[in-house]
Amino acid sequence: MEMIKETAKVVRQQQIDEGIFDMELSFPKGAALAKPGQFIAMYCNDKSKLLPRPISICGINKEEGTLRVVYRVAGEGTKEFSEMKEGDTLEVMGPLGNGFALKEEKAIIIGGGIGIPPMLELAKQLNVEKTVVLGYRTSAFLKDEFEAVCDVKVATEDGSQGAKGTVIDAIEKYGVEGKVIYACGPMPMLKALAVYAEEHGMEAQISLEERMACGIGACLGCICKTKEKDHHTNVNNTRICKDGPVFDAKEVVFA
């Protein structure tokens with residue numbers, strides 16, 4: 001897997017929701033290689049923060065040579081990113097990880113919380129009959145962009161928009177059907193979708209969210225349990241950054 005590390009430039013940035021920022025980076029070599037479901041490692045300019053921050057890719061523009069990331073401020077590193085302006089620069093490594101395997105079958109694309117942004121580029125590139133199901137607490141960020149490319153159903157915790165409850169509640173309420181599930185979001189959501197897919201005889205590709213350190217598989221800081229032994233450690237663990245973040249749901253052992 002080829003990856004690039006170079007200085008990227010901020011093309012634009014805006015806040016789109018409480019604590020959520022939308023940044024476009026000029027990163028031509030990385031954009032040329034990127035696929036839906038991959039991520040980049042963004043390095044802070046504050047050198048006291050040694051480890052990069054892994055951020056999922058929300059948009060790919062190979063012609064312009066840019067990558068788009070939509071991220072939540074969760075600590076000092078992402079706070080630094082949120083304060084960057086057009087023209088600022090930072091070191092970026094990527095694209096990293098394995099993306100989604102695009103299948104020629106009717107699809108259900110599912111995103112929950114900050115797992116919603118990486119599903120947007122997939123929705124644009126997946127040229128099949130598809131429905132997007134998005135799970136929010138309340139505010140429906142990026143919903144209009146998904147609606148521009150496909151049918152969208154929404155679930156909110158408080159029922160203020162769409163179905164009240166989870167993405168599975170929305171799937172059942174609106175009768176959403178498909179052969180393949182593509183999903184990214186919190187682990188309880190992915191666990192429930194893995195069960196749902198198995199019960200309905202569906203394939204499910206799930207992107208695991210996990211705090212990472214090196215981003216390239218060396219430190220073993222981001223592992224999940226799998227049914228197969230990892231050749232690197234000879235135990236039933238796998239590295240999310242290197243072997244994922246996208247997995248077949250049947251391979252993952254949920255706690």
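A disulfide is a pair of cysteine sulfur atoms within 2.5 Å. The exercises below concern a predicted model.

**Exercise 1. Cysteines**

Task: State how many disulfides the structure holds, and decide whether Cys150 and Cys184 are buried or exposed.

Solution. 
- Step 1. The count of disulfides in the structure is zero.
- Step 2. A residue is buried under 20% relative accessible area and exposed over 50%.
- Step 3. Cys150 has a relative accessibility of 12%, and therefore counts as buried.
- Step 4. Cys184 has a relative accessibility of 2%, so Cys184 counts as buried too.

**Exercise 2. The open sheet**

Task: Give the strand order of the open sheet of seven strands, name its edge strands, and describe how β13 and β16 pair.

Solution. 
- Step 1. The order is β11-β10-β9-β8-β12-β13-β16, and the pairing is mixed.
- Step 2. Two strands pair on one side only, namely β11 (163-164) and β16 (246-248), and these are the edge strands.
- Step 3. Between β13 (residues 203-208) and β16 there are three bridges, in the antiparallel sense.
- Step 4. Ser207 has Val246 of β16 as its bridge partner.

**Exercise 3. Strand β8**

Task: Determine in which sense β8 and β9 pair, and which residues of β8 are buried on each side.

Solution. 
- Step 1. β8 and β9 are joined by six bridges in the parallel sense.
- Step 2. Opposite Ala107 stands Lys130 in β9.
- Step 3. Six of the six residues of β8 are buried, which leaves the strand mostly covered.
- Step 4. In a regular strand, side chains alternate between the two faces of the sheet.
- Step 5. On one side of β8 the buried residues are Ala107, Ile109 and Gly111; on the other they are Ile108, Ile110 and Gly112.

**Exercise 4. Helix α3**

Task: Explain why helix α3 is described as largely enclosed by the rest of the structure.

Solution. 
- Step 1. The helix spans residues 118-125, which makes eight residues.
- Step 2. The buried residues in α3 are Pro118, Met119, Leu120, Glu121, Leu122 and Ala123.
- Step 3. Because six of the eight residues are buried, the rest of the structure largely encloses α3.

**Exercise 5. Backbone details**

Task: Locate the cis peptide bond, the residue with a positive phi although it is not a glycine, and Gly97.

Solution. 
- Step 1. The cis peptide bond joins Gly94 and Pro95, with omega about 0 degrees. Pro95 belongs to strand β7 (residues 89-96).
- Step 2. The positive phi, about 70 degrees, is that of Leu142. Leu142 lies in the loop between β9 (130-136) and α4 (143-147). Its relative accessibility is 6%, so Leu142 counts as buried.
- Step 3. Gly97 is part of the loop between β7 and β8 (107-112). At 1% relative accessibility, Gly97 counts as buried.
- Step 4. Although 62 residues separate Gly97 from Lys35 in sequence, their C-alpha atoms are 9.7 Å apart in space.

**Exercise 6. The second largest pocket**

Task: Describe the volume and lining of the second largest pocket, and explain why it lies between two domains.

Solution. 
- Step 1. The volume of the second largest pocket is about 570 Å³.
- Step 2. Its lining consists of 22 residues, and those nearest the centre are Gly113, Gly135, Tyr136, Arg137 and Glu157.
- Step 3. The lining residues comprise eight nonpolar, eight polar and six charged.
- Step 4. Domain 1 (4-93) and domain 2 (101-207) both contribute residues to the lining; therefore the second largest pocket lies between them.

Methods
Residues numbered from 1 in each chain as written. Predicted model: local features only at pLDDT ≥ 70, side-chain atom pairs only at ≥ 80, totals over all residues. Heavy atoms only, no water. 1 Å grid on protein atoms, 1.4 Å probe; cavity = no way out; pocket = protein on both sides within 12 Å on 5 of 7 lines; lining within 4 Å. Points joined across faces, edges and corners; volume = space filled by probe spheres on them. Nonpolar A, V, L, I, M, F, W, Y, C, P; charged D, E, K, R; others polar. Domains from an automatic or database assignment. Buried < 20%, exposed > 50% of the residue type's maximum accessible area, 1.4 Å probe, protein only. Pairing = 2+ DSSP bridges. Helix = DSSP H or I, 4+ residues; strand = E, 2+ residues; numbered from the N terminus.
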